[in-house]
Amino acid sequence: MKTLFVSLFSLLLLNLSFAQNTEGTIHYKEMMKLDINLDGLKDLPEAMKAQIPTEQSSEYLLTFHPEASLYANVPKDENEDIDYKSEDEDIQIQIQVENPDRAYFYDIKKRASTESQEFFGKKFLVGNTKPRKWKIGSETKEILGYTCKKATATFEEGDLVEAWFSSSIPVEVGPSSFHGLPGAILSVRTKNGDYEIVATKVAFKKVDRTVVVAPRKGKKVMAVQFKEIVEAKQKEM
């Protein structure tokens, strides 16, 4: 009877632990390498070349609940714009580093998402209900003390996505559009490492479901439409 009591007590603690791990926040750092061609800037002074950024990073916060999650950028305190002039002021470089407001809402029950995107001063609400198809492997590694499993998927463009998720956080959430695995995604890597998202902190706490809601401001478009808008603007530029 004593053994049975201990087993039942252990099972109760395990279930309680899992229940507590379904609500809270996860801090992420997004890093993107910038593809800047310096071939046409050979005559620039080395001091000026050193000012040109090679990557951009942003901080994001994921608030998650058993029914939904919201991923939003954390505003930066300082402006990262670069303004450089040579001593004789014959050469001047201005680089504007944008960090527009962005939020990604995922409804776990409906398997549907809404993303708020700011593009050239205009706000869009991008809807997408197409789930990502993951392939879970056997490889594991530790992130922030959590044992994570590796999963892979492929973008429509053919790029491979590598994600690491932990079933110790039993909610199918993750950064940005990366979700749908049996546990929270703590790391994502795409484009051969040129784009990476890594969790920096996990905190479990009670989350008010009414706070985790989809963004409402912006023109409603589907993901395919938004992609066409972006490509058209790129051709125009």
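Are Glu-115 and Arg-102 buried or exposed? Glu-115 is buried, and so is Arg-102, where buried stands for under 20% relative accessible area, exposed for over 50% and partly exposed for anything in between (1.4 Å probe, protein chains only). The model is a predicted one, in which local features need pLDDT of at least 70 and side-chain atom pairs count only at pLDDT 80 or more, while totals for chains, interfaces and linings use all residues. Residues are numbered from 1 along each chain as its sequence is written, and side-chain values use heavy atoms, with hydrogens and water left out.

On to the charged pairs. Eight salt bridges turn up in a search of the whole structure, a salt bridge being a side-chain nitrogen of Lys or Arg within 4 Å of a carboxyl oxygen of Asp or Glu. One of them joins Glu-115 to Arg-102, with 3.0 Å between the closest N and O atoms. This pair links distant parts of the chain, 13 residues apart: Glu-115 sits in strand β7, Arg-102 in the loop between β5 (92-95) and β6 (103-107). Helices (H or I, at least four residues) and strands (E, at least two) are DSSP runs, numbered from the N terminus.

Another salt bridge pairs Lys-206 with Glu-23, the closest N and O atoms being 3.6 Å apart. Lys-206 is in the loop between β13 (195-204) and β14 (219-222) and Glu-23 in the loop between α1 (2-20) and β1 (24-33), so the pair ties together parts 183 residues apart in sequence. Lys-206 is exposed at 73% relative accessible area, whereas Glu-23 is buried at 11%.

Glu-139 and Lys-150 make a salt bridge too, at 3.7 Å between the closest N and O atoms. Here strand β9 (residues 135-143) supplies Glu-139 and strand β10 (residues 146-154) supplies Lys-150, 11 residues apart. Both ends are partly exposed: Glu-139 has a relative accessible area of 45%, and Lys-150 has 21%. Shared partners also join Glu-30, Arg-102 and Glu-115 into one salt-bridge network.

As for the rings, the structure holds six aromatic pairs. Rings of Phe, Tyr and Trp (its six-membered ring) pair if their centres lie within 6.5 Å; planes under 30 degrees apart count as stacked, over 60 as edge-to-face and the rest as tilted. With centres 4.7 Å apart and planes at 5 degrees, Tyr-60 and Tyr-71 are stacked. Tyr-60 counts as buried at 5% relative accessibility, as does Tyr-71 at 1%. Phe-119 and Phe-226 are edge-to-face, 6.2 Å centre to centre with 75 degrees between the planes.
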